[in-house]
Amino acid sequence: MFNQKIKNTEFDLFKLYVIDEDIGPRSYIKVYGKNLFSQINVIINDVLNKNDKITYLSKRIARSLNCHTDTILKALIGKSSGNWISLPIILELLNEWKIKCNKNDYDVEEIKQLLQIHFEKLSCGSKKEHEVKAVRNLDETLAKIAGAHMADGHLLKEKTLGGCSYKIMIVDEYRSNLYAFSKWIKEVFGINVKIEKSNSNAWEINIRNKIMGRYLEIFFGFPAGVKTYYNLPNIIENSL
């Protein structure tokens with residue numbers, strides 16, 4: 001099924017931010033790109049040229065996100081750890097740009113697409129092991145990952161203080177199938193996963209990664225919770 005040629009389909013990575021579930025900076029998905037801040041600085045300067053100041057801009061964004069002003073200010077001037085910036089901060093900045101510079105929704109969407117060209121890595125939390133490649137396009141290998149989850153996967157989601165966590169479990173009686181799956185994960189998301197012996201006569205992979213969980217949930221439509229029969233995800237069906 002997934003050996004067919006996949007049409008080019010782009011993800012809107014800003015949809016990885018879920019406003020009702022991501023509450024507070026520790027729960028935010030953040031993004032890194034070598035040239036991302038040069039683009040963000042153009043947006044900031046557009047706003048500041050409308051008789052504004054970076055401190056005022058930071059305060060407004062902090063108020064909207066219920067964050068500390070210093071946290072927002074450091075993010076906007078690129079002083080956060082490793083030049084990462086959170087998706088909701090970028091979205092609030094774009095909202096300020098829209099208002100102050102008299103832009104419309106089409107302008108905002110255009111800038112969002114431009115910024116995503118420069119997304120290289122995504123992360124949530126402080127551990128480097130949580131970093132993944134910023135996957136912007138559906139391809140055959142990612143479709144295979146979705147197919148494996150559809151057949152043998154289980155997505156768990158738990159509420160945590162200020163957010164939620166995800167666990168992806170894949171179980172198969174053949175270790176070779178999970179070895180292939182682990183290679184796909186490494187190729188697409190750039191992370192290593194372990195294959196372990198299951199309690200039953202099978203093998204399993206467990207991945208605790210919020211970003212990968214959001215890809216399955218938001219872009220492919222897989223629900224979290226009790227395993228049910230999955231239909232072929234619309235995004236794959238429409239790309240065949």
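**Notebook: protein chain and Ser-80**

I counted secondary structure in the predicted model first: the protein chain has 9 helices and 10 strands, taking helices (H or I, at least four residues) and strands (E, at least two) as DSSP runs numbered from the N terminus. I then looked up the radius of gyration, which is 19 Å, close to the 18 Å that the globule rule gives for 240 residues, so the chain is as compact as a globular protein of that length. The radius is taken over C-alpha atoms, and the rule is 2.2 Å times the number of residues to the power 0.38. The C-alpha trace spans about 65 × 35 × 30 Å along its principal axes.

I noted that this is a predicted model, where local features need pLDDT of at least 70, side-chain atom pairs count only at pLDDT 80 or more, and totals for chains, interfaces and linings use all residues. Residues are numbered from 1 along each chain as its sequence is written, and side-chain values use heavy atoms, with hydrogens and water left out.

I checked burial next: 46% of the 240 residues are buried (under 20% relative accessible area; exposed is over 50%, partly exposed in between; 1.4 Å probe, protein chains only). Of the contacts (heavy atoms within 4.5 Å) with a separation of 6 or more, 71% join residues 24 or more positions apart.

I turned to Ser-80, which sits in the loop between helix H3 (69-76) and strand S3 (85-86). Ser-80 is partly exposed, at 22% relative accessible area. Leaving out residues up to four places away in sequence, I found that Ser-80 touches Lys-74 and Ala-75. From Ser-80 to Asp-46 I read 21 Å, C-alpha to C-alpha, across 34 residues of sequence.
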